[in-house]
Amino acid sequence: MLGFMKAVAREAGRTAMTYFEGMRSNEVHAKGSPKDLVSAADVAVEQLIVKRIRERFPGHGIFGEESGISNSGSEFCWIIDPIDGTQSFVKHHPFFAVSIAFCEGRKPLAGVVYAPALNDLFAAEAGKGAVWNDEPIHASRCSELGEAACATGFACVRAGRKVNNLAYFSRIVSQLRDIKRSGSAALDLAMTGAGVYDAYWEMALQPYDVAAGALIAEEAGALVRDLHGGFHYPEQGIIAANPALLVKLLGFFRDLPELSC
Ligand code: IPD
Ligand code: CA
Ligand code: CA
């Protein structure tokens, strides 16, 4: 299954790059709010992924960011974010990824996150570990906030949430060694699995933002939880870190009473 998913992700990445490199014009529209964009590339890439899945698994369910839910009665479901990081994509910033997760019910069985402009492919199968360009990856062992290089995002601000990440960001940033905001939750989760980041957290994400990246992070040894320490992610926020750092970060968030995602 992972071989099929990698091949589809790479083909989808090639399609995305024809828009990214200007060979195809990439019309951009706002969907929902003016800050939430969808481009011709998002739609074309998702159509290609759906076509390949339907060719091979016609009865499976599909939940795509741009095309919605189909075959919802199937026990198997594909969760697709064709371009995670559209804001980057449309500004020619290379930090974006194709994200595909294969699930049985709500349980991800396999996931791929492919950044075509960076030529980085992260993949995982449940119970079989995670890889970065076919090399095994492991989450970091960093246990001190002051030594932690973290990543986060501001989906909640874009979504207009009154209770959002700004409160935590401004209070926690001085506790950390470094923090980055890359604009692709899927890549942030995968790179936390690779130990590039010691921890990642965000709020107001959707299942298609995190389904593949969360499996990759977990299979690499990170814990993935909601911001109350439970398993209701991404609805209640999402955080990924090794166990020692997760405890410290959750404790810190717990101290901030206004958390309600
Ligand atoms: C976005 C990215 C970003 C996150 C946004 C998401 P999109 O996905 O994952 O990191 O902060 O909230 O919407 O919209 O580019 O697919
Ligand atoms: Ca996304
Ligand atoms: Ca997207």
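Helices (H or I, at least four residues) and strands (E, at least two) are DSSP runs, numbered from the N terminus. Pro234 is found in the loop between β14 and β15 (238-241). A cis peptide bond joins Tyr233 and Pro234, with omega at about 5 degrees.

The model is predicted: local features need pLDDT of at least 70, side-chain atom pairs count only at pLDDT 80 or more, and totals for chains, interfaces and linings use all residues. Residues are numbered from 1 along each chain as its sequence is written, chains are lettered from A and ligands numbered from 1 in the order in which they are written, and side-chain values use heavy atoms, with hydrogens and water left out.

The overall fold was described next. The protein chain has eight helices and 15 strands. Its C-alpha atoms fill a box of roughly 50 × 40 × 35 Å, taken along the principal axes. Of the 261 residues, 54% count as buried. Buried means under 20% relative accessible area, exposed over 50%, and partly exposed in between (1.4 Å probe, protein chains only). The protein chain exposes about 11,300 Å². Carbon and sulfur atoms supply 52% of this area. Accessible areas come from the Shrake-Rupley method with a 1.4 Å probe; for residues, only the protein chains shown count as cover.

Contacts (heavy atoms within 4.5 Å) were examined along the sequence. Among those between residues at least 6 apart, 61% join residues at least 24 apart. Lys6 is partly exposed, with a relative accessible area of 21%. Lys6 touches Val112, Leu121, Ala123 and Asp134, not counting residues up to four places away in sequence. Lys6 and Tyr114 are 108 residues apart in sequence, yet 8.2 Å apart in space, C-alpha to C-alpha.

Ala222 lies in the loop between α7 (207-219) and β14 (223-225). Ala222 is buried, at 4% relative accessible area. Residues up to four places away aside, Ala222 touches Ala139, Ala217 and Ala241. Ala222 and Ala240 are 18 residues apart in sequence and 6.1 Å apart in space, C-alpha to C-alpha.

Charged residues were then considered. Lys and Arg count as positive and Asp and Glu as negative; His and the chain ends are not counted. The mean positions of the 25 positive and 30 negative charges are 1 Å apart. The place of a charge is taken as NZ of Lys, CZ of Arg, CG of Asp or CD of Glu.

The structure holds nine salt bridges. A salt bridge is a side-chain nitrogen of Lys or Arg within 4 Å of a carboxyl oxygen of Asp or Glu. One joins Lys51 and Glu55 (3.1 Å, N to O). These two residues are four apart in helix α2 (residues 40-56), so about one helical turn separates Lys51 from Glu55. Lys51 is partly exposed at 46% relative accessible area, and Glu55 is partly exposed at 49%. Glu11, Lys51, Arg52 and Glu55 are linked in a network of salt bridges.

Another bridge joins Glu125 and Lys128 (4.0 Å, N to O). Glu125 counts as partly exposed at 23% relative accessibility, whereas Lys128 counts as exposed at 65%.

Lys248 and Glu144 also meet in a salt bridge (3.2 Å, N to O). The pair links distant parts of the chain, 104 residues apart. Lys248 is in helix α8 (residues 243-254), and Glu144 is in the loop between β10 (135-136) and β11 (149-152). Lys248 is partly exposed at 34% relative accessible area, and Glu144 at 37%.

Asp188, in helix α6 (residues 185-193), is buried yet has no salt bridge. The nearest side chain of opposite charge, Arg181, is 7.0 Å away. Leaving aside neighbours within four places in sequence, Asp188 is in contact with Phe95, Ala151, Thr152, Ser182, Tyr197 and Tyr200.

Phi of His92 is near 65 degrees, a positive value in a residue other than glycine. His92 is found in the loop between α3 (86-90) and β6 (97-104). Phi of Ala204 is near 65 degrees, again positive in a residue other than glycine. Ala204 sits in the loop between β13 (199-202) and α7. Ala204 counts as buried, at 14% relative accessibility.
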